[in-house]
Amino acid sequence: MHSQRNLGWRGLVSGLVFLLVAAAIGAFAATSAGAQAEGEDLARQGQAIFRQTCTACHTIGAGKLIGPDLQGVTGRREASWLRVQVQSPSVHQAQNDPVAMANFEKFRMRMPDLGLTPQQVEAVIAYLQTEETVPLARPALYVPILAIGALALAGLTLLGIRVGRKKVEVRP
């Protein structure tokens with residue numbers, strides 16, 4: 001009788017753990033989907049701004065024009081540097097920034113200040129980070145979901161080992 005009661009509690013505990021893990025995965029997926037939709041909206045705004053403001057001098061993956069090709073620029077440059085460069089490149093020029101100076105040497109033209117707002121700059125950078133402009137090796141949520149799955153699997157396995165230990169009574 002005592003072992004049946006323990007088995008009932010073990011089943012209840014394992015069921016609760018399973019439900020908690022499932023709820024955590026669901027909450028993470030819902031939050032990620034909302035954030036992804038918001039990011040896609042920002043990237044669409046950035047694409048429109050890029051087409052209107054930047055395409056006269058820059059391409060993404062089509063080679064050089066008046067300025068450098070920007071494919072993969074978010075992987076090569078820090079976000080803070082990009083913000084300054086997109087919003088007011090004259091700051092980098094005044095500071096004799098090595099990248100800005102190298103671009104001037106290569107293209108013989110300085111990038112003008114475009115008068116973009118900080119929100120427009122963030123939108124352009126979000127667009128430059130999209131899959132269209134940066135080839136990705138795996139989806140953005142691949143690693144977090146893989147980690148959650150591995151943790152859930154390990155937790156359930158350990159719980160199963162602990163709960164599933166069968167005590168056999170040996171009688172002489």
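Student: Which residues does Ile66 touch, not counting residues up to four places away in sequence?

Tutor: Ile66 touches Ala56, Cys57, Phe107 and Met109. This is a predicted model, and Ile66 lies in its loop between α1 and α2.

Student: What makes these count as contacts?

Tutor: The cut-off is heavy atoms within 4.5 Å. Phe107 is one of the residues that Ile66 touches, so the pair meets that cut-off.

Student: Why is Ile66 called partly exposed?

Tutor: Its relative accessible area is 39%. Buried needs under 20%, and exposed needs over 50%. The 39% of Ile66 falls in between, so Ile66 is partly exposed.

Student: Where does Arg110 lie, and why does Arg110 count as partly exposed?

Tutor: Arg110 is in the loop between α5 and α6. Its relative accessibility is 40%. Apart from neighbours within four places in sequence, Arg110 contacts Gln93, Met101 and Phe104. Its C-alpha atom is 8.2 Å from that of Ala100, 10 residues away along the chain.

Student: Back to the loop between α1 and α2. Why is His58 called buried?

Tutor: His58 lies in that loop. Its relative accessible area is 12%. Buried means under 20%, so His58 qualifies.

Student: What lies 2.8 Å from a polar atom of the side chain of His58?

Tutor: The backbone oxygen of Pro68 does. The cut-off for a polar contact is 3.5 Å, so the 2.8 Å distance is within it. Leaving aside neighbours within four places in sequence, the contacts of His58 include Phe50, Leu65, Leu70 and Met111.

Student: Phe50 is among those. What else does Phe50 touch beyond four places in sequence?

Tutor: Among them are Thr55, Ile60, Val124, Tyr127 and Leu128. Phe50 is also among the residues with the most contacts inside the largest nonpolar core. Val124 and Leu128 share that listing, and the core has 15 residues. The elements giving two or more residues to this core are α1, α3 and α6. Helix α6 gives the most, with six.

Student: What tends to happen to nonpolar side chains in soluble globular proteins?

Tutor: They tend to be buried together.

Student: How many aromatic pairs are there, and why is the pair of Phe50 and Tyr127 called tilted?

Tutor: The count is one. The ring centres of Phe50 and Tyr127 are 5.6 Å apart, and their planes stand at 50 degrees. Centres must lie within 6.5 Å, so the rings pair. Stacked needs under 30 degrees and edge-to-face over 60, so 50 degrees makes the pair tilted. Phe50 is in helix α1 and Tyr127 in helix α6, so the pair ties together parts 77 residues apart in sequence. Both Phe50 and Tyr127 are buried.

Student: Next, α3. How do you know that Gln85 is buried?

Tutor: Gln85 has 12% relative accessibility. The limit is under 20%, so Gln85 counts as buried. Gln85 sits in helix α3, residues 79-87. Beyond neighbours within four places in sequence, Gln85 is in contact with His92 and Met111.

Student: Which residues of α3 are buried, and how do they lie around its axis?

Tutor: Trp81, Leu82, Gln85 and Val86 are buried. Down the axis of α3, these fall within an arc of 120 degrees, so they line one face of the helix. The buried residues of α3 pack against α2, α4, α5 and α6.

Student: What span does helix α7 reach, and what is expected?

Tutor: Helix α7 has 22 residues and reaches 31 Å from its first C-alpha to its last, close to the expected 32 Å. Its buried residues are Ala152, Leu159 and Val163. They fall within an arc of 35 degrees, so they line one face of α7. On the other side, Leu153 and Leu158 are exposed.

Student: How many helices and strands does the protein chain have?

Tutor: There are seven helices and zero strands. Of its 172 residues, 22% count as buried.

Notes
Residues numbered from 1 in each chain as written. Predicted model: local features only at pLDDT ≥ 70, side-chain atom pairs only at ≥ 80, totals over all residues. Heavy atoms only, no water. Helix = DSSP H or I, 4+ residues; strand = E, 2+ residues; numbered from the N terminus. Buried < 20%, exposed > 50% of the residue type's maximum accessible area, 1.4 Å probe, protein only. Polar contact = N/O pair within 3.5 Å; in protein donor to acceptor, adjacent residues only side chain to side chain. Core = buried A, V, L, I, M, F, W, Y, C linked by side-chain atoms within 4.5 Å. Expected span 1.5 Å × (residues − 1). Arc of directions from axis to C-beta. Phe/Tyr/Trp six-rings, centres within 6.5 Å; stacked < 30°, edge-to-face > 60°.
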